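Open the model in a viewer and follow the stops below. Each stop gives a selection and then what is there.

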Amino acid sequence: MEKRRLGRTGLMVSSLGLGTLTWGRDTDLEQASEQLRMFLDAGGNLLDTAATYGEGESEKLIGTLLDEEFSRDDLVICSKAGVRAGDPPSVDASRANLLRGLDQTLERLGTAYIDVWFVHHYDPFVRVEETLTALEMALRSGRARYVGVSNYPAWAMAELAVLLGQDRYEVAAVQGEYSLVSRQVEDEVLGAAEHFDSSFIAWSPLGRGVLTGKYQTSIPPDSRAASPHLQGFVSPYLSAEYQPIIEAVLAGAEGLEWEPLKLALAWVKDAPGVTSALTGARSAGQFAAILKAADAHVPHQIRVALNEASE
């Protein structure tokens with residue numbers, strides 16, 4: 001698997017990242033262990049989690065794997081803070097909440113540091129200077145080696161990057177949703193990341209699963225769309241307006257004799273400005289299909305056709 005530089009740092013990350021949204025809830029310890037072994041054997045190293053995934057269970061499961069089976073040094077671990085638990089959860093990028101979240105994440109993971117620590121969502125009610133001090137405290141203490149932002153508008157990411165730069169730090173990476181059914185980051189976010197030499201890491205490159213084609217005729221009972229806690233996450237892309245894009249992926253995949261998943265993921269992985277694409281699977285069998293895209297490259301004519309269909 002190809003390794004790419006994270007922004008202008010010295011850190012190298014794999015072009016595919018292993019997402020852990022379902023770990024500790026839909027994905028048990030055995031399945032997670034198998035996925036992580038497959039990922040490392042394929043040359044991957046970027047492992048992404050968050051304090052809110054499974055209400056902390058994802059990080060706990062990773063901590064168990066690090067304690068019992070895997071070496072911390074083989075992984076680049078990303079985690080995120082800035083969302084307060086509740087029903088519903090709420091964004092809180094205050095210094096108190098961010099640093100409390102970081103300490104809890106480190107405890108659950110059983111590690112002394114996070115390789116890349118992200119503010120999970122932009123918080124319009126907290127001054128950027130307050131969020132900034134939390135990031136600087138994490139960096140100066142060594143609890144975070146690099147920092148980034150997730151789901152931020154371009155202008156807010158730029159404001160934070162300028163202020164961090166005054167203290168010779170940087171926004172090393174930006175996370176955002178990006179797929180053939182979600183290309184909004186092309187408007188400004190990708191350009192802002194490029195301007196500040198920040199890596200862009202795409203989440204949900206498979207359009208929350210719809211680009212695999214598995215929802216074409218029905219909702220499989222073991223899918224995220226059938227899950228009580230994730231069906232709301234998938235349902236926005238099940239509407240008819242996205243059907244032409246899905247059909248273009250299915251047609252392109254058939255022509256290449258690829259699985260639709262492989263084509264949709266390869267399109268994101270090698271899109272201009274993308275450093276890594278985060279992918280998650282419930283089972284090891286599903287993850288094996290994902291890994292087929294690691295070294296796949298979309299032919300130019302197919303990429304042009306998909307671009308046109310999804311615009």
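A charge sits over a ring if NZ of Lys or CZ of Arg is within 6 Å of the ring centre and within 35 degrees of the ring normal. This is a predicted model, in which local features need pLDDT of at least 70, side-chain atom pairs count only at pLDDT 80 or more, and totals for chains, interfaces and linings use all residues. Residues are numbered from 1 along each chain as its sequence is written, and side-chain values use heavy atoms, with hydrogens and water left out.

Select Tyr-113 first. Arg-72 lies over the face of Tyr-113, 4.2 Å from the ring centre. Arg-145 also lies over the face of Tyr-113, at 3.7 Å from the ring centre.

Next, select Tyr-122, Tyr-152 and Trp-155, which form one aromatic cluster. Rings of Phe, Tyr and Trp (its six-membered ring) pair if their centres lie within 6.5 Å; planes under 30 degrees apart count as stacked, over 60 as edge-to-face and the rest as tilted. The count comes to five aromatic pairs. One of them, Tyr-122 with Tyr-152, is edge-to-face, at 5.4 Å centre to centre and 75° between the planes. The two residues are 30 residues apart in the chain.

Methods
Helices (H or I, at least four residues) and strands (E, at least two) are DSSP runs, numbered from the N terminus.
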